[in-house]
Amino acid sequence: MDVIFGNLDLWGEAVSNTLLIFFGGGVLALVLGLIVGAARVAPVPIARGVGTLYVNLIRNTPLTLVFFFFIFGYPQLGLPKLSTTVLGILAIGIYTATYVAEVIRAGINTVPVGQAEAARAIGLPFGQVMSLVILPQAFRSVVPPMMSVFIALLKNTTVAAGFSVVELGAIRSYLSERGENALVVLLWVAVIFVALVMLLSWLQRYLENKWRIAR
């Protein structure tokens, strides 16, 4: 336990940055993924084309390259200066949004077409059809795959370790400089990630049970 309590400053910063990237990237991915997922099934060909292009382009690009663009390319664009942590949030959020979009699209396809047609028949525009009729039902069917996406997002936060972000994936090198055993550090990092994944799995079961009853 000395490796933990003797280095609480580094562990606190690493855990907080990991959670910051996870929650920040998760919110960005969820919002952007909802927009792109809706665009993928929109009746407007241009919206479908833009959504498809975004998903195919970003999803097929390695996450490390997306990080390279934001960490090294963004500062060259003359835009407002951002910290590496914020740039990491943008990179992982924009990347994960493609998977969220595909999960949302799959969930939308589980809703019977007749419900959307009935909603349009009573005069509801596309936005209200999605928000009032389709998405509430789609969310119930996408909880398991959506949680799988967020579990992958949590583990992908370690990619930020290669770009000077002090988080759990990078703490081994910092603690090695203080003379700590690298294997022990990595075991504790694994324990923390397992605990976080178990928490997400519990949340998945809770939402499934809640929405199953609501059905």
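1. Basis. This is a predicted model, in which local features need pLDDT of at least 70, side-chain atom pairs count only at pLDDT 80 or more, and totals for chains, interfaces and linings use all residues. Residues are numbered from 1 along each chain as its sequence is written, and side-chain values use heavy atoms, with hydrogens and water left out.

2. Confidence. The mean pLDDT (the predictor's confidence in each residue, from 0 to 100) is 85 for the chain, and 97% of the residues reach at least 70. Helix α3 (residues 45-59) has the highest confidence, at 91, while helix α1 (residues 2-5) has the lowest, at a mean of 74. Helices here are DSSP runs of H or I with at least four residues, strands are runs of E with at least two, and both are numbered from the N terminus. Where pLDDT is low, the predicted coordinates should not be read in detail.

3. Annotated segments. An unreviewed UniProt entry lists residues 20-41, 53-74, 86-106, 145-170 and 182-203 as "transmembrane region". Such positions are given in the numbering used here, feature names are shortened, and annotations may be inferred rather than shown by experiment. In the model, residues 86-106 are 100% helix and 0% strand, with the end C-alpha atoms 30 Å apart. Residues 53-74 are 82% helix and 0% strand, and their end C-alpha atoms are 21 Å apart.

4. Asn17. This residue is found in helix α2 (residues 8-40). Asn17 counts as buried because its relative accessibility is 13%; buried means under 20% relative accessible area, exposed over 50%, and partly exposed in between, with a 1.4 Å probe and protein chains only. Leaving aside neighbours within four places in sequence, Asn17 is in contact (heavy atoms within 4.5 Å) with Thr85, Val166 and Glu167.

5. Tyr95 and Tyr99. Rings of Phe, Tyr and Trp (its six-membered ring) pair if their centres lie within 6.5 Å; planes under 30 degrees apart count as stacked, over 60 as edge-to-face and the rest as tilted. By this rule there are five aromatic pairs. One of them, Tyr95 with Tyr99, is tilted, at 5.6 Å centre to centre and 55° between the planes. Both residues lie in helix α5 (residues 84-109), four residues apart, about one turn of the helix. Tyr95 is buried at 11% relative accessibility, whereas Tyr99 is partly exposed at 32%.

6. Trp202 and Tyr206. The ring centres of Trp202 and Tyr206 are 5.7 Å apart and the planes are at 15°, so this pair is stacked. Helix α9 (residues 182-214) holds both residues, four residues apart, about one turn of the helix. Trp202 is partly exposed at 47% relative accessibility, and Tyr206 is partly exposed at 42%.
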